[in-house]
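I opened the model and kept notes as I went. Each entry records what I looked up and what came back.

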Amino acid sequence: MLAKPSLESLKRTVAHAESAGFRVELIAILDRPDTTTREVIKTHGPDNLRIEEVDFGDLGKARNRGVAIAHGRYVAFLDADDLWGVSWLASAAIAADLRATPTVWHPEVNIFFGADKHIFVHIDMEDSAFRPAGLMIENYWTALSFASREVYVANPYPETNLGEGFGFEDWAWNMLTISRGIIHKIVPGTGHVIRRKWGQSLAREASLADAVPRPSPYIHGFISAGRLA
């Protein structure tokens, strides 16, 4: 059960952010939790953790619900088997405060462990190495993003429906937000640690179903401009 280390990571990162002068609201959205997960979250979570159970079976809907009941200026996501770098919240909030335009922030580095071990370096859209067409082939950023609450409210995550062939809600969301003029940037010197599950996972289920991200104006723009063969 990796929820306990994730909660310890949460506590450390929040303490660091609070020591830098930020106030942090903590919300846990438990989507169809089993008994063990529910007990670990309640036992090891911070005292001020607000817990809400939902019956979505969908990561995008769970994220949207968390956004809907949040009150803060910014929102950040942490999945229950991942870890934040200790400086993540404070560094992302400082970067966001210094930028006036709507922006989604990502850590500079992700370390994957579990079924797949590698280091994934995020790319900044304002870097000359960024290739817009490449985002239609692979996802450039993980789902543990940071942005103003208004960005998430105006751009809710799309629903996953493997029966209709649609998955990868975070990838679809990344393309959707870019099509609406929102820039994705990295916060230098920050990182996350993310587990790749053994056996079945949502990403694997989507791959086995030959699912694709939901179509968005991002893809339509390339087609209408004649930039795809």
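This is a predicted model: local features need pLDDT of at least 70, side-chain atom pairs count only at pLDDT 80 or more; totals for chains, interfaces and linings use all residues.

**Ser179.** I looked up Ser179 and found it partly exposed, at 29% relative accessibility. My scale: buried is under 20% relative accessible area, exposed is over 50%, and partly exposed lies in between, with a 1.4 Å probe and protein chains only. Ser179 belongs to helix α6. Helices (H or I, at least four residues) and strands (E, at least two) are DSSP runs, numbered from the N terminus. I then asked for its contacts, meaning heavy atoms within 4.5 Å. With neighbours within four places in sequence left aside, Ser179 is in contact with Pro217 and Tyr218. The C-alpha atoms of Ser179 and Ser216 are separated by 7.7 Å, and the two residues are 37 residues apart along the chain.

**Ground rules.** Residues are numbered from 1 along each chain as its sequence is written, and side-chain values use heavy atoms, with hydrogens and water left out.

**Rest of α6.** Just after α6, Gly181 takes a positive phi of about 85°.

**Another positive phi.** I checked Arg32 next. It is not a glycine, yet its phi is positive, about 55°. Most residues other than glycine have a negative phi. Arg32 sits in the loop between β1 and α2. It is exposed, with a relative accessible area of 52%.

**Whole chain.** I counted eight helices and eight strands in the protein chain. Of its 229 residues, 44% are buried. Among contacts with a separation of 6 or more, 73% are between residues 24 or more positions apart.

**Cores.** Which residues have the most contacts inside the largest nonpolar core? I got Leu10, Ile41, Trp88, Leu89, Trp105, Phe146 and Val187, in a core of 23 residues. A nonpolar core here is a set of buried Ala, Val, Leu, Ile, Met, Phe, Trp, Tyr and Cys residues joined through side-chain atoms within 4.5 Å. Helices α1 (3-19), α2 (35-44) and α4 (88-97) and strand β1 (27-31) each supply at least two residues of this core. The largest share, seven residues, comes from α4. Apart from this core lies another, of 14 residues, including Phe77, Val104, Leu144 and Tyr157.

**Helix α4.** I followed that share. Seven of the ten residues of α4 are buried, so the helix is largely enclosed by the rest of the structure. The buried ones are Trp88, Leu89, Ala90, Ala92, Ala93, Ala95 and Ala96. They pack against α1, β3 (74-76), β4 (83-84), β5, β7 and β8. For Trp88, not counting residues up to four places away in sequence, the touching residues include Thr13, Ala76, Trp105, Phe146, Val187 and His192.

**His16.** I looked at α1 from the side of His16, which is found in that helix. His16 is partly exposed, at 32% relative accessibility. Residues up to four places away aside, it touches Val86, Ser87 and Ala90.

**Lys185.** Is Lys185 buried or exposed? It is buried, with a relative accessible area of 12%. Lys185 lies in strand β8 (residues 183-196). Its side chain makes a polar contact of 2.7 Å with the side chain of Glu126. By polar contact I mean a pair of N or O atoms within 3.5 Å; within protein, one must be able to donate a hydrogen and the other to accept it, and residues adjacent in sequence count only if both atoms are side-chain atoms. Beyond four places in sequence, the contacts of Lys185 also include Arg99, Trp105, His106 and Asp124.
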